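Please examine the structure shown below before reading the dialogue.

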Amino acid sequence: MIDIAGAVAVEAIDEASRDQPDAGHRAAGVRGVAAHYGDPMREQRTLATGVGLVDRSHRGVIAVTGPERIGWLHTLTSQHLAALGPGQGTELLVLSPHGHVEQHAMVAEDGTTTWLDTEPGMTADLLTYLEKMRFFSQVEPRDATAGHALLSLVGPQATDAVATLGVTGLTAPEVLAVPGPKFRSGELPPRPTVSYDVQPLTGGGWARRVPLGVDLLVPRPALDEVVAALREHGVPPAGLWAYEAVRVAARRARVGVDTDHRTIPAEAGLIAPAVHLDKGCYRGQETVARVHNLGRPPRRLVLLHLDGVTTDQLPASGTPVTLDGRTVGFVGTAVHHYELGQVALAVVKRNLADDARLSVGDTAAAIDPE
């Protein structure tokens, strides 16, 4: 999609952006993605009110095959995967021994392969971890990024758009309620905490219904054909800037951008979609259980409104959030939203009052109380 008229590549705007293929994937032929196609605000409105097609083909893709793959991934990650079957998707985390978030992946199971797509630049680390944990298990994890690409249909009309590709009846995501502290064992059913419907595409690949729309995991040789078919049916392209603005407004954290090396799942809103609290024996589980039972994670994810008076430049990820000169958190993703203005996701101290008068650099900031 980078060849569509008007496309402006992410790296043409910011050479240091993490939203570009890593060196290994670029050498394998993976191309950059568009920040926008000439009108970022219009593209945002399209995603918020209709449907647009976003090129997210810079994300890494790992394919895991082998008869023991489901049980093996179940033991290594935060999600309950033991009963994951064909046509199902979910999310998972890999945690450090101390419960800090190291990796996040979206999941699609097709019956022979479990597909994991993850943040650009993080694929190699996740694959290295999986390979180290193989031991004698009958599993074969491999980097499949050069052969498969992710596109996203975003917006309330996403299921109508994917129907033009022959995929109908995708059911809405099903999310289990997060139990309260010290819940009874067995209260949570033994299944993924979020279930995404996954259906095959006619020309190969899969469609996965997700909170922001429908993800399309497409063989790269079929990528142009899929894009052309959707555009012929009136689905316009939208850049990554528009996608990020919609994501921020939905308060969906992105690992590696809206998290730091100390972030635990409860601080970034990752318990509901990616952590099964009644599942034990995975790395970092003790911290997750302890924090949930106490009910007091040390930090929380918030949406900040930035006044935009002193500057129209957005703060970089990691910029401190301060109160009276004292650091109380950090900014993750900051965007220009078509309705909300300048907003950002931030991780701040749990006890920070919602009406605190905050600063991000020279910019005044206020917490959106939801």
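This is a predicted model: local features need pLDDT of at least 70, side-chain atom pairs count only at pLDDT 80 or more; totals for chains, interfaces and linings use all residues.

Student: Are helix α3 and helix α8 parallel or oblique to each other?
Tutor: Helices (H or I, at least four residues) and strands (E, at least two) are DSSP runs, numbered from the N terminus. The axes of α3 (residues 40-49) and α8 (residues 240-249) come within 8 Å and cross at roughly 50°; axes are lines fitted to C-alpha atoms, for helices over the stretch in contact, and angles run from 0 to 180 degrees between N-to-C directions. Angles under 35 degrees count as roughly parallel, over 145 as roughly antiparallel, 65 to 115 as roughly perpendicular and the rest as oblique. The two helices, α3 and α8, are therefore oblique.

Student: Which residues of α8 make the contact with α3?
Tutor: Contact means heavy atoms within 4.5 Å. From α3 come Pro40, Glu43, Gln44 and Leu47, and the residues of α8 are Trp241, Ala242, Tyr243, Ala245 and Val246.

Student: How many of the residues in the contact of α3 with α8 are nonpolar?
Tutor: Ala, Val, Leu, Ile, Met, Phe, Trp, Tyr, Cys and Pro count as nonpolar, Asp, Glu, Lys and Arg as charged, and the others, Gly among them, as polar. One residue of this contact is polar and one is charged, and the nonpolar residues number seven.

Student: What is the volume of the largest cavity?
Tutor: On a 1 Å grid over the protein atoms alone, a cavity is a set of points where a 1.4 Å probe fits but cannot get out, and a pocket is an open set with protein on both sides within 12 Å along at least five of seven lines; lining residues have an atom within 4 Å of a point. Grid points are joined across faces, edges and corners, and a volume is the space filled by probe spheres set on the points. A search of the whole structure finds two cavities of 30 Å³ or more. The largest cavity has a volume of about 50 Å³.

Student: Which element gives the largest share of the lining of the second largest cavity?
Tutor: This cavity holds about 40 Å³ of space, and among its lining residues are Trp206, Arg208, Asp215, Leu216 and Leu217. The largest share, three residues, comes from β13.

Student: Which residues lie closest to the centre of the largest pocket?
Tutor: About 830 Å³ of space lies in this pocket. Of its 29 lining residues, the closest to the centre are Asp14, Trp241, Leu314, Thr333 and Ala334.

Student: Which element supplies the largest share of the lining of the second largest pocket?
Tutor: This pocket contains about 540 Å³ of space, and its 35 lining residues include Arg247, one of those nearest its centre. The largest share, four residues, comes from α8.

Student: Which residues does Tyr338 touch?
Tutor: Tyr338 is placed in the loop between β17 (326-337) and β18 (341-349). Not counting residues up to four places away in sequence, Tyr338 touches Met41, Gln44, Arg45, Ala48 and Thr49.

Definitions and conventions
Residues are numbered from 1 along each chain as its sequence is written. Side-chain values use heavy atoms; hydrogens and water are left out.
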